[in-house]
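Subject: Structure for you to look through

Dear colleague,

Please find below the structure that I promised to hand over, followed by an account of what was found in it.

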Amino acid sequence: MTEVTSDAAATRLRRSPLHERHTALGAKFAPFGGWEMPLEYAGGGVLKEHTAVRAGVGVFDVSHLGKARITGPGAADFVNACLSNDLGRIGPGKAQYTLCCDEATGGVVDDIIAYLHADDHVFLIPNAANTAEVVRRLRAAAPDGVTVTDEHEAHAVLAVQGPRSAELLGALGLPTEHDYMSFSTATLDGMELTVCRTGYTGELGYELVVPAAHAPAVWDALFAAGEAYELRACGLAARDTLRTEMGYPLHGQDLSLEITPVQGRSGWAVGWDKPAFWGRDALLAEKSAGPRRTLRGLVAVDRAIPRPGMAVHVGDQRVGTITSGTFSPTLKQGIALALVDTDPKLADGDVVEVDIRGRRAQMRLQRPPFVQPSVR
């Protein structure tokens, strides 16, 4: 991520309905997915924000995430015939991680959370930069009677994450007892919102989907109640360190049109037995033949911080490329995800070398997550 460096650049970016709240907290902003979003906050910074989520509770404004609604007779069946995972495995009130893949190549157009309301109603949250393309593809394929609506700017999303997140939401009278990957509608001071038992940090947490006009009031209510829990506002920099510790992929780096679910070790989000989904034939063929590269986890042996694009070597042979890399505030070590060739065969525990600005640093292959998840 790079900082916005001029007013002209900023005017080309969308802004969250909470932008004034972030400015008041001294946020440092950065462009992300076409939006100007808080990277970190004054008086906090990545380490404090990361620690708040691992040890207490933090709130992220992730309103840049996309929102799309599919409605009409057979809407759920239509979505199930397009996206990778099997919506038939869940019922109304449940959420599911899934992938929108390219029909021809199996590459990942986007990774998405699908919220199943009913047979005729599915709500999708794609990534910011990919929302328009996901909506375009769904609209082009939608049968008569099924409507695909882009609601990208109609809603804000607040991610309340951390071991004390349920206490905080409970203090506001919001529901917290529903299962992981499920959602419930509720009201807060007369404002209707959706409380989703989801997140991107590996911690117990919730995502509140709120009408955009009500977002400032919900934010203020969270911070008024959150004072007792030492609630901290958290930016996208801490979100990145948290998700990397869990090995959660970031689209555009760890998954992309060039990186399939088979290569990205996301085959668990594919309903392989379904008769139809976009990219099915290409992915089945790749799975059968075996991918030429796979996403692997790396933990630094030396004092080193890997970054995306750095080369991975075994001796004189380049065997891969870092896709995500950072310093883990929890482990106090460098960690990374990397696309690594399947030939030569490397096992977890093997040591490779990463070229860090001309210096070779040793890193050990280790299957993520790097930190024990606490989502339940």
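Helix α3 (residues 45-55) packs with helix α8 (residues 236-246) at an angle of about 55°, and their axes are 8 Å apart. That angle makes α3 oblique to α8, since angles under 35 degrees count as roughly parallel, over 145 as roughly antiparallel, 65 to 115 as roughly perpendicular and the rest as oblique. The axes here are lines fitted to C-alpha atoms, for helices over the stretch in contact, and angles run from 0 to 180 degrees between N-to-C directions. Helices (H or I, at least four residues) and strands (E, at least two) are DSSP runs, numbered from the N terminus.

On the α3 side the contact (heavy atoms within 4.5 Å) is made by Val46, Glu49, His50, Val53 and Arg54, and on the α8 side by Ala237, Ala238, Thr241, Leu242, Glu245 and Met246. These residues divide into six nonpolar, two polar and three charged, where Ala, Val, Leu, Ile, Met, Phe, Trp, Tyr, Cys and Pro count as nonpolar, Asp, Glu, Lys and Arg as charged, and the others, Gly among them, as polar.

Before going further, please note that this is a predicted model, in which local features need pLDDT of at least 70 and side-chain atom pairs count only at pLDDT 80 or more, while totals for chains, interfaces and linings use all residues. Residues are numbered from 1 along each chain as its sequence is written, and side-chain values use heavy atoms, with hydrogens and water left out.

**The nonpolar cores**

A nonpolar core is a set of buried Ala, Val, Leu, Ile, Met, Phe, Trp, Tyr and Cys residues joined through side-chain atoms within 4.5 Å; buried means under 20% relative accessible area, exposed over 50%, and partly exposed in between (1.4 Å probe, protein chains only). The largest such core has 31 residues, and those with the most contacts inside it are Leu208, Val218 and Leu222. Its largest share, six residues, comes from α7. If neighbours within four places in sequence are left aside, Leu222 is in contact with Val59, Leu158, Val160, Leu168, Leu169, Leu172, Leu208 and Leu231. A second, separate core has 29 residues, including Met181, Phe183, Val262 and Val270.

**Buried places**

Helix α4 (residues 75-82) is largely enclosed by the rest of the structure, because six of its eight residues are buried. These are Ala75, Ala76, Phe78, Val79, Asn80 and Cys82, and they pack against β5 (68-71), β7 (108-118), β8 (121-125), α5 (131-141) and β9 (147-150).

Ser328, found in strand β17 (residues 317-328), is buried, with a relative accessible area of 0%. Apart from its neighbours within four places in sequence, Ser328 is in contact with Glu245, Gln333 and Ile335.

**Backbone details**

Most residues other than glycine have a negative phi, and most peptide bonds are trans.

With best wishes
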